[in-house]
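I set out to look through this structure entry by entry. These notes record what I looked up, in the order in which I took it.

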Amino acid sequence: MYRLIYKICSIINKLYEMLALVLLVAMTFALALQVFTRYILQASMAGTEEFARHAFIWIIMLGASICTKDGSHATVTLLNDHLSGTLKEIHKIVIELLVLTACIVLLRYGFTMIMVSAKSKTPTLGIPTCVVYAALPAGCFGMIVGTVSNILKDMMMKKGGEVSV
């Protein structure tokens, strides 16, 4: 079971990494173009700021999903540093369960946001706003898979089993 979830998580992360990279390059190009047209040509280009804002939202959600699998999110470890043994392992699983719960709630309401905004479009580019709001459920889906993978890994390690992929 763990191997399957880990493999799915790895595939999702690779896709998310590629998409985030493409969006980062496109956002950088759009912002450079905006700076060039505004300050060199003295004429601002329509839509570049809006595109950059929407790309940034997607990059954030994809990046959050990517960081979940590796446990590379910023964390406050004050309590965890003072725990040891089984209590530390239980604490880690409880935190992961809380993250999982938050992601499930955000996933559910992310789909609600998509449905509510299905007919509206962004002001400058005319992109359906549901495309922008889809970043939330997309990121949360990846975080859910990553968190489930982490929970299964933690439980296997607690049982003394070797975790191999």
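**Entry 1: T147 and its surroundings**

I began with T147, which touches T68, E96, V99 and L100 when residues up to four places away in sequence are not counted; contact means heavy atoms within 4.5 Å. The model is a predicted one, in which local features need pLDDT of at least 70 and side-chain atom pairs count only at pLDDT 80 or more, while totals for chains, interfaces and linings use all residues. Residues are numbered from 1 along each chain as its sequence is written, and side-chain values use heavy atoms, with hydrogens and water left out.

I placed T147 in helix α6; helices (H or I, at least four residues) are DSSP runs, numbered from the N terminus. T147 counts as buried because its relative accessibility is 1%; buried means under 20% relative accessible area, exposed over 50%, and partly exposed in between, with a 1.4 Å probe and protein chains only. A polar atom of the T147 side chain lies 2.7 Å from the backbone oxygen of M143.

**Entry 2: the nonpolar core**

I then looked up the largest nonpolar core, which has 29 residues. Such a core is a set of buried Ala, Val, Leu, Ile, Met, Phe, Trp, Tyr and Cys residues joined through side-chain atoms within 4.5 Å. Among the residues with the most contacts inside this core are W58 and M143. At least two core residues come from each of α1 (2-40), α2 (48-70), α4 (85-116) and α6 (135-158). Leaving out residues up to four places away in sequence, I found that W58 touches L19, L23, V131, V132, A134, A135 and A138.

**Entry 3: salt bridges**

How many salt bridges does a search of the whole structure find? It finds three, a salt bridge being a side-chain nitrogen of Lys or Arg within 4 Å of a carboxyl oxygen of Asp or Glu.

- K14 pairs with E17, the closest N and O atoms being 3.8 Å apart; both lie in helix α1, three residues apart, about one turn of the helix.
- E49 pairs with R38, with the closest N and O atoms 2.7 Å apart. E49 lies in helix α2 and R38 in helix α1, so this pair ties together parts that are eleven residues apart in sequence.
- K92 and D154 meet through their side chains at 3.4 Å, N to O. K92 lies in helix α4 and D154 in helix α6, so this pair ties together parts that are 62 residues apart in sequence.

I also noted the accessibility of the last pair: K92 counts as partly exposed at 41%, whereas D154 counts as buried at 10%.

Notes. A polar contact is a pair of N or O atoms within 3.5 Å; within protein, one must be able to donate a hydrogen and the other to accept it, and residues adjacent in sequence count only if both atoms are side-chain atoms.
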